[in-house]
Amino acid sequence: MFSMVLLLSMYARADLTIEITQGVDNPTVIGIVPFGYSGARGLPEDIPGIVRADLKLSGQFRPIPVSDMLAFPRSEAEVIYRDWRILGAEFLVTGDIKEVQGRYTVTFELFDILGQRKLFRKSIVGSEAQLRDLAHYISDEVYEKITGIRGAFSTQVAYVEAFQQGKPTDRFRLMLADADGARPRLLLESKHPLMSPTWSTDGKRLAYVSFETGRAAIFVQDLATAKREQVTNYKGLNGAPAFSPDGTKLALVLSKDGNPEIYTLNLITRQFARVTQHFAIDTEPSWTPDGKSLVFTSNRGGKPQIYKVTLATGMVERLTFAGDYNARARVSPDGKSLVMVHRSNGVFHIATQDIQSGDLRILTETYLDESPSISPNGAMLMYATRFQNKGILAAVSLDAGVKFRLPSKQGDVREPAWSPFFD
C-alpha cells in the first residue's frame, strides 16, 4: 500500500521567510499609503503592507516607511506632490477598500510625483480569502507600469520539503506557496523521495517524480481536484519531466532501452517518441519557448555540458563550452539566454549564458547551488542552495543585482519550480 497523504488547499506551517540580501544601487523610491477602509470589521490582511513587501522584494523599489509619511491621501484631490518630493518619492500609491456582504472592492491609484500626474486608477473585487491575491495584483500593476516588465508577484512556486535523518519517520512533502513564500500548502506527503516538480504552461497541473512504487515513476497531478495519474512504469530510470509549451507533451528521461535517453510522451495519445540516441547519458530536458527544440545535459563530450536537439530533424548542437560542468539548463522566456548549474573552481554556481554570443555570467556566490527555475517574466530565478548547513531556496535577478533567501522554519527545502502566469 502506498504510504502517502494527498492534501489540497490546506495551509502548512512551514512558511518560507524572506531575507533580502541585495538590491539595486539606486532603487525607485515609492510611497504606498495605508488604504482607506469602510468595513464594519478589521481586515485580516494588510493590503498596502503586502504591496510594500512585494515591491521591496523585487529589489528595485524602496518603499517609504509609513512612520515617515507626512500625510495619508485617499484621493487625487488630497495628494500634495511637494510633500512627497520632500521625502524623495518618485511614485505614490493610494487606495480605498469597501466591504459589502463579504465582498471587497479595492480601488487604487498610481501617481507620478515628479511629473505631478495620475498614471492610472483601477478597481478590483474579491472575497476575504482573496485579499492577498488582490494585493499581489496591485503589486503587479504598479510594477509593470513603472518598469515596463510584467509583474510576477501573483505567481506561485512549487518545491520539495525533506525531513530526512535515515529513519523510518523520514518524509517528503510536495509544497505550493505564493512567490513570496506566503500561504504554503501541502499537495502531497510521502515517506518516499519526491523530485523534479514541473508546471504545465496553463498552471493547472504539476508533473513530478515519486518513488512510492518502489522505483522512480512520473506522476501528473491536477491542482484543482488533486487527482493524480502515473504516466510511466518502466524499469530503470523514469525522470526529469518537462511540459511542452502547448501542454500536450512531456519531455522525460527513460532508461528502458538500456541507456538514459530523452523521450517525449504525447499526453493525448500516450505514445512515446525517442529523441536522442547516443551511448552517453542524456538527461534533464527542457523545452525552448517555441516548442521546436529541447536543451538537455549530456556527457557525450566527456563531461556534462548543455546541448540542443531540434525535434523535427534530430540535429544536435552543443551550446556550452566554458567550464568542465554545465547542467540543469533552462531557457529564458524570451529564448535568448540559458540558466544552468555551472561548476567553477570546484564550486557549483548558477550561471546564465547568452545563447547567441556564448557570453557566460555567474550569478551566485554560494555553495552547492542547484535546480534553477526562471520566473515567467524572465526577471528573476529561484534555486536551491545551502545556508547555515540547511537546504533553502534563494533567488537572484538575471543581472545579479537583486538577491534574496527563502529559508524554511523546518526541513530542508529543494527543487523549486516557478509557476507560469495565471491568466
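Start with Ser-255 and what touches it. Beyond its neighbours within four places in sequence, Ser-255 is in contact (heavy atoms within 4.5 Å) with Lys-235, Gly-236, Leu-237 and Pro-260. The model is predicted: local features need pLDDT of at least 70, side-chain atom pairs count only at pLDDT 80 or more, and totals for chains, interfaces and linings use all residues. Residues are numbered from 1 along each chain as its sequence is written, and side-chain values use heavy atoms, with hydrogens and water left out.

Where is Ser-255? In the loop between strand 17 (249-254) and strand 18 (261-266). Strands (E, at least two residues) and helices (H or I, at least four) are DSSP runs, numbered from the N terminus. Ser-255 is buried, at 16% relative accessible area. Buried means under 20%, exposed over 50%, partly exposed in between, with a 1.4 Å probe and protein chains only.

Now the rings. The structure holds nine aromatic pairs. Rings of Phe, Tyr and Trp (its six-membered ring) pair if their centres lie within 6.5 Å; planes under 30 degrees apart are stacked, over 60 edge-to-face, the rest tilted. Take Phe-108 and Phe-120: centres 5.8 Å apart, planes at 90°, so edge-to-face. Phe-108 is in strand 7 (residues 103-112) and Phe-120 in strand 8 (residues 117-127), so the pair ties together parts twelve residues apart in sequence. Phe-108 is buried at 0%. Phe-120 is buried at 11%.

Phe-108 also pairs with Tyr-137: 6.4 Å between centres, planes at 85°, so edge-to-face. That pair links strand 7 to helix 3 (residues 131-147), 29 residues apart. Tyr-137 is partly exposed, at 32%.
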